[in-house]
Amino acid sequence: MKKAVYPGSFDPLTYGHLDIIERASKIFDEVIVAVLCNSTKNSLFSIDERVSMIEDVTQKYPNVTVTSFDGLLIDFMKEINASVIIRGLRTVTDFEYEFQIAQTNHVQDSNIETVFLTSELQYSYLSSSIVKEFASYGGEISKFVPEQFIDKIYSKYKDR
Ligand code: ADP
């Protein structure tokens, strides 16, 4: 059984993330989407909101589950007995940072391997931050995130 963990902030999950999840689900027996509880990041959605939103759009993949974790990714992976980290690569700008983290995690625990996947070309510019920036000005976001997220995202900005 090859278990892979796809960690991230997913604030909110975009079609780019969903594409990576779908691809990973075809490669690995089990994919665990792990939402990072990062108190230093000023997030739009709470951890519980993010977990339930991702659960909602990944129901169709029987081997995908969603959870959250705190602290070091490699400690969380040991706890659940997983050895593969999935990360998505958009453009070369992602590479340097991702490369550093992948090397560091492997030095910390040589059983851990990072697998990089790319998303469809049309999502290669897409990030949660862009979605938030657009939505904050009332911009159209239906091409970026699943339909059921749209009102939830706009309402966060109405409340502010
Ligand atoms: P983090 O805060 O860890 O960067 P994100 O939620 O921004 O978390 O992203 C999680 C992972 O998904 C990262 O590996 C990121 O590079 C990847 N990712 C994000 N958006 C896309 C996209 N549009 N296409 C491919 N990979 C993506």
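**A walk through the model**

Reply: Happy to, starting with H17, which sits in helix 1 (helices, H or I of at least four residues, and strands, E of at least two, are DSSP runs numbered from the N terminus). This is a predicted model, where local features need pLDDT of at least 70, side-chain atom pairs count only at pLDDT 80 or more, and totals for chains, interfaces and linings use all residues. Residues are numbered from 1 along each chain as its sequence is written, and side-chain values use heavy atoms, with hydrogens and water left out.

Me: Is H17 buried or exposed?

Reply: Buried means under 20% relative accessible area, exposed over 50%, and partly exposed in between, using a 1.4 Å probe and protein chains only. H17 has 17% relative accessibility, so the residue counts as buried.

Me: Which residues does H17 touch, not counting residues up to four places away in sequence?

Reply: Contact here means heavy atoms within 4.5 Å. With residues up to four places away in sequence set aside, H17 touches Y6, F10, P12 and S128.

Me: In strand 3, which residue is the bridge partner of V31?

Reply: Strand 2 also pairs with strand 3 (residues 64–69), in the parallel sense over 6 bridges. Strand 2 (residues 30–36) is mostly covered, with 5 of its 7 residues buried. In strand 3, the partner of V31 is V64.

Me: How much of the ligand does the protein bury?

Reply: A polar contact is a pair of N or O atoms within 3.5 Å. A backbone N or O atom of G88 lies 2.7 Å from a ligand oxygen, and a polar side-chain atom of R90 lies 3.3 Å from a ligand nitrogen. Taken alone, the ligand exposes 550 Å² (Shrake-Rupley method, 1.4 Å probe), and of that area the protein buries 89%.

Me: The backbone oxygen of which residue lies 2.7 Å from a polar atom of the S124 side chain?

Reply: S124 lies in the loop between strand 5 (113–118) and helix 5 (128–136). Within protein, a polar contact also needs one atom able to donate a hydrogen and the other able to accept it, and residues adjacent in sequence count only if both atoms are side-chain atoms. At 2.7 Å from a polar side-chain atom of S124, the backbone oxygen belongs to L121.

Notes:
Pairing = 2+ DSSP bridges.
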